Amino acid sequence: MRITVMTLFAEMFDSFLQTSIVGRSLERGLASVDFVNYRDFAHDNYRHVDDTPFGGGNGMVMKCAPVMEALDSIRTEDSYVIMMNPAGTPLNQKKVRELAQKKHLVIMCGHYEGMDARIENHIDECISIGDYVLTGGEPAAMIVMDSVIRLLPGAIKEGSADDESYENGLLEYPQYTQPADFNGEKVPEVLLSGNHAKIKAWRLYQSLERTKKIRPDLYDAYELSKEEKKLLKKYGFESEKQ
Ligand code: ADE
């Protein structure tokens, strides 16, 4: 996969792209990342890429011409173009999976008060990472890149993304490691039992209970399969969903 980031501040990505799973994945060639600077497409001697908003108001707005020319310089038939924007479609794991299938993902970062609205007519979609406003789209772009890159085949151990929070519509069950007793706080007995079916039932039950408490919207939407109902019943975990 190729990822092109459109930004005035490519340096913000330096350590992010060199570190941990993202860094390793790029080193291994699972994805490549390149940058386009809007300023390279400015039209005046001062390299302005923004101007005051028509109709008045605070702040500056990114101009159409530098942004569109920057986009045209890297866009191919395979490009899928997203703009990071707090007014966009909320990012979730389903959207991340969708984006991970693209051959060439172009991520447009906004800055200042926003982008000229006409730019939106030329992209595939606007994406928001949550109901809050950042100073610019760069941290949001890193979140998209991180969540997409880790899903590329070979980035993390096969199967280890499968039962994480959101992958199956529920939050993840709690995990524990050594020691089994930390200053009197004990790991749940079942995890030391070696009974894999019982552990599976317990984890499903924990996922259900955690989701009910923290994300009732996800809980309400979740439907237990026949096998899941059977598994819970077998080990005596009573869920409202049964
Ligand atoms: N730019 C500023 N705030 C943002 C947000 N919440 N999501 C995506 N891009 C943004």
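I take buried to mean under 20% relative accessible area, exposed over 50%, and partly exposed in between, with a 1.4 Å probe and protein chains only. By this criterion I recorded C109 as buried, its relative accessible area being 1%.

**Basis.** The model is predicted: local features need pLDDT of at least 70, side-chain atom pairs count only at pLDDT 80 or more, and totals for chains, interfaces and linings use all residues. Residues are numbered from 1 along each chain as its sequence is written, and side-chain values use heavy atoms, with hydrogens and water left out.

**Cysteines.** I searched for disulfides (pairs of cysteine sulfur atoms within 2.5 Å) and found zero in the structure. For C64, which is in no disulfide, the nearest cysteine sulfur is that of C126, 13 Å away. C109 is likewise in no disulfide, and the sulfur of C126 is its nearest, at 12 Å.

**S79.** I located S79 in strand 5, residues 79-90; strands (E, at least two residues) are DSSP runs numbered from the N terminus, as are helices (H or I, at least four). S79 is buried, at 12% relative accessible area. I then listed its contacts (heavy atoms within 4.5 Å): with neighbours within four places in sequence set aside, these are I74, H104, V106 and D124.

Next I examined polar contacts, defined as pairs of N or O atoms within 3.5 Å; within protein, one atom must be able to donate a hydrogen and the other to accept it, and residues adjacent in sequence count only if both atoms are side-chain atoms. The side chains of S79 and H104 form one of 2.7 Å. The S79 side chain also reaches the backbone nitrogen of T76, at 2.8 Å.

Finally, I noted that S79 and I3, 76 residues apart in sequence, lie 9.2 Å apart, C-alpha to C-alpha.
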